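Here is a short report for a reader meeting this structure for the first time. Look over the sequence and the model, then read on.

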Amino acid sequence: MNHKPVIGIVGGIGAGKSTVSQALVKLGGCLIDADQIGHAALRDAENLQKIIEAFGPKILKEDGSVDRRKLGSIVFKDPLEREKLESIVIPWISDEIRLRMKDFSANPVCQMVILDAAIMLETGWNGVCDKILFVEASLSTREKRVKARGWSAEDLRDRESSQLPLEVKKARADAVLANDPDSPEISTQLVSLLKNWGWRR
Ligand SMILES: CC(C)(COP(=O)(O)OP(=O)(O)OC[C@H]1O[C@@H](n2cnc3c(N)ncnc32)[C@H](O)[C@@H]1O)[C@@H](O)C(=O)NCCC(=O)NCCS
Ligand SMILES: Nc1ncnc2c1ncn2[C@@H]1O[C@H](COP(=O)(O)OP(=O)(O)OP(=O)(O)O)[C@@H](O)[C@H]1O
């Protein structure tokens with residue numbers, strides 16, 4: 001392979017995409033976290049102005065930054081509202097992903113690049129990935145995990161119904177990593193996967 005391998009991470013909400021991405025960092029990967037870039041997009045002055053114009057000042061916190069909880073409660077209940085937000089921030093996120101991809105590809109420290117993006121297949125960001133990994137955990141496991149961060153089962157459902165169905169994501173992946181409490185160690189599964197793909201001896 002004459003370019004840096006890129007692995008895309010998808011899966012249900014709370015399945016463990018970030019956890020698996022961190023395990024890949026320990027195996028020499030450099031991480032692009034699309035959720036984090038999405039949060040930075042909300043802080044960009046031009047985007048912020050457009051967001052205020054589109055949703056009104058009610059979505060702001062007292063300090064003038066976006067209240068993500070409030071904006072989330074609007075956009076995950078109404079696809080038209082979500083599209084309004086996406087039309088502002090997705091082009092910005094895509095540009096940022098492209099820049100980081102270029103940097104990491106040229107960085108000898110990065111043995112592979114990891115793109116952790118829940119809406120990878122919806123946005124077409126998978127186009128830059130050599131392999132897609134689907135992280136799988138049961139709904140009850142995922143509900144327990146997101147509860148710990150203050151989300152209800154309804155929050156999980158609203159967000160997940162804004163995305164491609166899990167069966168579609170899984171069917172489009174090159175491999176599945178099981179991440180329920182009784183699943184084998186994440187690092188063991190990853191090492192065997194990377195060997196299968198010829199990315200590691
Ligand atoms: C609506 C916002 C403000 C809510 O912020 P909040 O901190 O509550 O959630 P966070 O950003 O951490 O997202 C958590 C999860 O929600 C889901 N999610 C986020 N954005 C989207 C979206 N546009 N479509 C479907 N699901 C989404 C993902 O599974 C994500 O992992 C924020 O998600 C946002 O700005 N989204 C638009 C940008 C985007 O698409 N980011 C996701 C890149 S993967
Ligand atoms: N194998 C595991 N063992 C124990 N806890 C785990 C495991 N995998 C994930 N978790 C925990 O579950 C929670 C959700 O995991 P994580 O943030 O990795 O999921 P995610 O798929 O990235 O979530 P989101 O869809 O919201 O981005 C975290 O608190 C994490 O520490």
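Helices and strands here are DSSP runs, numbered from the N terminus; a helix takes at least four residues and a strand at least two. With that numbering, S183 is found in the loop between strand 5 and helix 10. The model is predicted.

Two of the pairings can be followed in detail. Strand 1 and strand 4 pair in the parallel sense over five bridges. There, G8 has I132 in strand 4 as its bridge partner. Strand 4 (residues 131-136) also pairs with strand 5, in the parallel sense and over four bridges. L133 stands opposite A175 in strand 5, and V135 stands opposite L177 in strand 5.

A175 belongs to strand 5. Is A175 buried or exposed? Its relative accessible area is 11%, and buried means under 20%, so A175 counts as buried.

Which residues surround A175, leaving aside neighbours within four places in sequence? A175 is in contact with I132, L133, F134, L193 and W197. A175 and F134 are 41 residues apart in sequence. In space, their C-alpha atoms are 6.2 Å apart.

## Helices across the sheet

A polar atom of the S183 side chain lies 2.8 Å from the backbone nitrogen of D180. Not counting residues up to four places away in sequence, S183 touches A178 and Q189.

Helix 2 covers residues 34-43. Its buried residues are A34, I37, G38, A40, A41 and L42. An α-helix has 3.6 residues a turn, so residues three or four places apart point the same way. The buried residues of helix 2 pack against strand 2 (29-33) and strand 3 (112-116). They also pack against helix 3 (45-55), helix 4 (68-75) and helix 5 (79-106).

D33 caps the N-terminal end of helix 2. One of its side-chain oxygens lies 3.0 Å from the backbone nitrogen of D35.

N47 sits in helix 3. Its relative accessibility is 3%, so N47 counts as buried. Not counting residues up to four places away in sequence, N47 touches A41, I88 and W92.

## The annotated binding site

An unreviewed UniProt entry places a "binding site" at G14, A15, G16, K17, S18 and T19.

G14 lies in the loop between strand 1 (6-11) and helix 1 (17-26). T19 lies in helix 1. G14 is buried, with a relative accessible area of 12%. T19, at 47% relative accessibility, counts as partly exposed. Leaving aside neighbours within four places in sequence, G14 is in contact with R142, R145 and V146.

## Helix 8

Helix 8 covers residues 153-160. L156, D158 and E160 are buried there. The buried residues of helix 8 pack against helix 7 (139-147) and helix 9 (166-171).

Methods: Residues numbered from 1 in each chain as written. Chains lettered and ligands numbered in written order. Predicted model: local features only at pLDDT ≥ 70, side-chain atom pairs only at ≥ 80, totals over all residues. Heavy atoms only, no water. Buried < 20%, exposed > 50% of the residue type's maximum accessible area, 1.4 Å probe, protein only. Contact = heavy atoms within 4.5 Å. Polar contact = N/O pair within 3.5 Å; in protein donor to acceptor, adjacent residues only side chain to side chain. UniProt positions renumbered as here; feature names shortened; annotations may be inferred. Pairing = 2+ DSSP bridges.
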